[in-house]
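Here is a walk through one protein model, meant for someone seeing it for the first time. Keep the structure open beside you and follow along.

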Amino acid sequence: MAPMRQIIDTFSVPTRGKGLYGCTAEVLARVRASAIEQGLLTLYIRHTSASLLIQENYDPSVQSDLERFLSRLVPEGDPIYEHVLEGADDMPAHVRAALTQTHLAVPIAAGAPLLGTWQGIYVFEHRRAPQTRSVVLHLLGE
């Protein structure tokens, strides 16, 4: 039986404003480089105005539809927001992040995350301005 190992790594995802930014290839490469054959992958985004999603990677209209839906659900400029110090898009970005996810857990088998055929891993940017988002990758396994 192989000994249990842990790896913690960080990677950056540059964004160009609101939308989903794929990072599946980066995650797959890091899992492959770890040589962990089975275990658990945890991803965590270190921000309060962006999130992580596993979403369809085939039809890009899914991603644009998600953005439009959340823009309707959590509009900018709503007078209920008190926090406007960082701009009109900041508080809605915090709400959007609270409604989605800041971490993901994916099982690993045969040295790869067990993603479905049409699943991809995305950083979901909720701010209008370009950002550089930091994602922590934690691998536990053998």
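**A buried aspartate and its surroundings**

Let's begin with Asp90, which is buried, its relative accessible area being 1%. Buried here means under 20% relative accessible area, exposed means over 50%, and partly exposed is in between, using a 1.4 Å probe and protein chains only. Before we go on, bear in mind that this is a predicted model: local features need pLDDT of at least 70, side-chain atom pairs count only at pLDDT 80 or more, and totals for chains, interfaces and linings use all residues. Residues are numbered from 1 along each chain as its sequence is written, and side-chain values use heavy atoms, with hydrogens and water left out.

You'll find Asp90 in helix H3, residues 90-99. Helices (H or I, at least four residues) and strands (E, at least two) are DSSP runs, numbered from the N terminus. What does the side chain of Asp90 make a polar contact with? That would be the side chain of His83, at 2.5 Å. A polar contact is a pair of N or O atoms within 3.5 Å; within protein, one must be able to donate a hydrogen and the other to accept it, and residues adjacent in sequence count only if both atoms are side-chain atoms. Setting aside neighbours within four places in sequence, Asp90 is in contact (heavy atoms within 4.5 Å) with Ser49, His83 and Arg127.

Now zoom out. The protein has three helices and eight strands, and from the N terminus on they run β-β-α-β-β-α-α-β-β-β-β. Its C-alpha trace spans about 60 × 30 × 20 Å along the principal axes. Of the 142 residues, 37% count as buried. If you take the contacts between residues at least 6 apart in sequence, 83% of them join residues at least 24 apart.

Next up is the open sheet of five strands, whose order is E1-E8-E3-E5-E6, with antiparallel pairing. Strands E1 (5-14) and E6 (112-113) stand at the edges with a single partner strand each, so one side of each is left without a neighbour in the sheet. Two strands count as paired if DSSP finds at least two bridges between them.

Have a look at E3, residues 39-45. E3 pairs with E5 (residues 103-109) in the antiparallel sense over six bridges. Along this pairing, Gly39 stands opposite Ile108 in E5, while the bridge partner of Thr42 in E5 is Ala105. E3 also pairs with E8 (residues 132-141), again antiparallel, over seven bridges. There, Leu40 has Leu140 in E8 as its bridge partner. In a regular strand the side chains alternate between the two faces of the sheet.

Finally, let's visit two loops. Ala35 lies in the loop between helix H1 (24-34) and E3; this residue has a positive phi of about 65° although it is not a glycine. Ala110 lies in the loop between E5 and E6. Its phi is positive too, at about 55°, although Ala110 is not a glycine. Is Ala110 buried or exposed? Ala110 is exposed, with a relative accessible area of 69%.
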